[in-house]
Structure formats: structure tokens, C-alpha cells
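Let's take a walk through this model together, from its outline down to single residues. Keep the 3D view open as you read.

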Amino acid sequence: VDRKLIMAAARLSRRAPEDWAEFASAFYGHYDQRRTECIQSPPTTLPVAQGRAQACAHIHELFASCREQADKIEQMPRSPRKP
């Protein structure tokens, strides 16, 4: 599942670097906000806030490394598809 997102993000970042940088900056602001909400969350809402922060952290890492990961994926030998 991440593979498709990695490849799509890498394509977009290469085709439209300025738009990608603007999007990435906006997303990272969103990520920082979710992290802050997690840190400041009362115990009753901590699991929800933590889950949101963890999801954003995963996507943040994926976006930050999408080009490198896409290069590795593209270099992997393709296995024949089973009928």
C-alpha cells in the first residue's frame, strides 16, 4: 500500500517541485499541530491524539523520503506476475 503512495509522491515531487514544496510545508505544519495536540492532550483523549500524531509521523517520513524510496523501488528486479 505504501509503495503506491511513495511512487505517486515521488512523481509529483519531481514533476512539480515548487507545488510539492508548498504542499509539504502545509502538511508539516499539520503534522506539528497533531504532535502538539498529542503532547497537550488530557488523558481522556490521549489515545485518539496519539493515533493521529502517529499517522502523521508515518506519512511525514514517507513524504520526506519518497524520492529515495522510489529510486530503491525502481531499482528492484521485477518478479513476473502470477496468472
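What you have here is a predicted model. The protein chain contains four helices and zero strands, and reading along the sequence gives the pattern α-α-α-α. Turn the model along its principal axes, and the C-alpha atoms fill a box of roughly 50 × 35 × 20 Å. The radius of gyration of the protein chain is 16 Å, while a compact globule of 83 residues would have one near 12 Å. Of the 83 residues, 27% are buried. The accessible surface amounts to about 6500 Å², and carbon and sulfur atoms account for 56% of that. If you look at contacts between residues at least 6 apart in sequence, 71% of them join residues at least 24 apart.

Now for the inside. The largest nonpolar core holds 14 residues, and those with the most contacts inside it are Ile6, Ala9, Trp20, Phe27, Phe63, Cys66 and Ala70. Two or more core residues come from each of helix H1 (2-15), helix H2 (17-40), helix H3 (46-64) and helix H4 (66-75).

Next, have a closer look at H1. With 14 residues at 1.5 Å a residue, H1 should span 20 Å, and the distance of 20 Å between its end C-alpha atoms agrees with this. Which residues of H1 are buried? They are Ile6, Met7, Ala9, Ala10 and Ser13. These residues lie on the same side of H1, because they cover an arc of only 165° around the axis. Their cover includes H2, H3 and H4. On the face of H1 turned away from the buried side, you will find the exposed residues Lys4 and Arg15.

Finally, let's visit a loop. Ser41 sits in the loop between H2 and H3. Is Ser41 buried or exposed? Its relative accessible area is 15%, and buried means under 20%, so Ser41 counts as buried. Not counting residues up to four places away in sequence, Ser41 touches Leu46 and Ala49.

Notes: Residues are numbered from 1 along each chain as its sequence is written. This is a predicted model: local features need pLDDT of at least 70, side-chain atom pairs count only at pLDDT 80 or more; totals for chains, interfaces and linings use all residues. Side-chain values use heavy atoms; hydrogens and water are left out. A nonpolar core is a set of buried Ala, Val, Leu, Ile, Met, Phe, Trp, Tyr and Cys residues joined through side-chain atoms within 4.5 Å. Buried means under 20% relative accessible area, exposed over 50%, partly exposed in between (1.4 Å probe, protein chains only). The expected span of a helix is 1.5 Å times one less than its number of residues. The arc is that of the directions from the helix axis to the C-beta atoms. Contact means heavy atoms within 4.5 Å. The radius of gyration is taken over C-alpha atoms; the globule rule is 2.2 Å times the number of residues to the power 0.38. Accessible areas come from the Shrake-Rupley method with a 1.4 Å probe; for residues, only the protein chains shown count as cover.
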